[in-house]
Amino acid sequence: MSLFRQIAIDARAHLMGPLRRRRLKRLARDGAAPLNVPFYHRVATSHPNPWTMHPVQFRRHIDYLVDHMQPVDLATVQHRVDAGVNHHPTFTVTFDDGYADNMDDALPMLAERQIPTTYFVTTDHISTGRPFAHDVKAGQPLPVNTVGHVREICDAGIEIGLHTKRHVDFAKINTTAQVDDEIIGGKKDLEDIIGRPVRYFAVPFGMPPQITRAVVDAAHRAGLKGLCSAFGAYNLVGRDSYHIRRFHGDPQFGRFVNWLSFDPRKAAAEPIVDVTPSVADEHHSNDASDITLPFSTAIAPASLPPTALPQ
């Protein structure tokens, strides 16, 4: 991003501040305050890329969140959405993938400050140490978390969530056996690693084409309490709480603040995703585990925000 554009975004955020604050106060008064769930990938000083944030930037994000919003965990997000009332804008921090560099700055700081955080990992990568394909393709095979890291993170009070076994693109998977292995099998593997129940699942890439009917049904059959997307959206009262909507923790601070201000244009552009289990899946049998699936998604047509980030 050019320096001029960055200055322009920051200036607009500053000028719109009073209007945003009034809007949030009105929503809070009406019991309709948004529940914000930003997601991150990697916080580090080395090997900068589109999915890495500098520790100074990350601390600025957390400071702003703590100063302006109420920290809650994902279960509380779901509870308030179901209750139909939320009088305080909230935030919950999430991470996807499982990069080893997060052990240096981000995770110790979050644990020390007791910031509600869910850390989504891929079981095959943490078990084998294999770097992510998108990093290898970029010529930067960055180190991933180990099993020991994940247990340490869990013991520090940070919730561990599932991000599949192998960071697959569900838009390219066409059998229920593969989907079940990544979600149901992945959940079992992760629970064996941490010795605790795994409640939440973040869909890799997290866009509507990846949130297929087979993925939704497998998540429900696995007993997961919620499914997280990553296409950029708000959690609002009265909606389906099983779908936890998230937005990127943008390193451009003005854009990050704009998300937290509840931008009605972004809310209006959100695609519709159906995360209710199918009737047929309630009668699912092992005999159907190798059925070939069409490349269909559980969404209604809508314009999608562009993304260049691995999720």
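Modeller: We will look at the nonpolar cores, then a histidine, then a helix. This is a predicted model, in which local features need pLDDT of at least 70 and side-chain atom pairs count only at pLDDT 80 or more, while totals for chains, interfaces and linings use all residues. Residues are numbered from 1 along each chain as its sequence is written, and side-chain values use heavy atoms, with hydrogens and water left out.

Colleague: Which residues have the most contacts inside the largest nonpolar core?

Modeller: A nonpolar core is a set of buried Ala, Val, Leu, Ile, Met, Phe, Trp, Tyr and Cys residues joined through side-chain atoms within 4.5 Å, where buried means under 20% relative accessible area with a 1.4 Å probe, protein chains only. Here the largest such core has 63 residues, and Phe58, Leu110 and Phe201 have the most contacts inside it. A second, separate core of seven residues includes Val37 and Phe120.

Colleague: Why does His125 count as buried?

Modeller: His125, in helix H6 (residues 123-128), counts as buried because its relative accessibility is 1%. Its side chain reaches the backbone oxygen of Arg130 at 2.7 Å.

Colleague: Where do the buried residues of helix H8 lie around its axis?

Modeller: An α-helix has 3.6 residues a turn, so residues three or four places apart point the same way. In helix H8 (residues 147-155), the buried residues are Val147, Val150, Ile153 and Cys154. Seen down the axis of H8, these fall within an arc of 125°, so they line one face of the helix.

Terms used:
Buried < 20%, exposed > 50% of the residue type's maximum accessible area, 1.4 Å probe, protein only. Helix = DSSP H or I, 4+ residues; strand = E, 2+ residues; numbered from the N terminus. Polar contact = N/O pair within 3.5 Å; in protein donor to acceptor, adjacent residues only side chain to side chain. Arc of directions from axis to C-beta.
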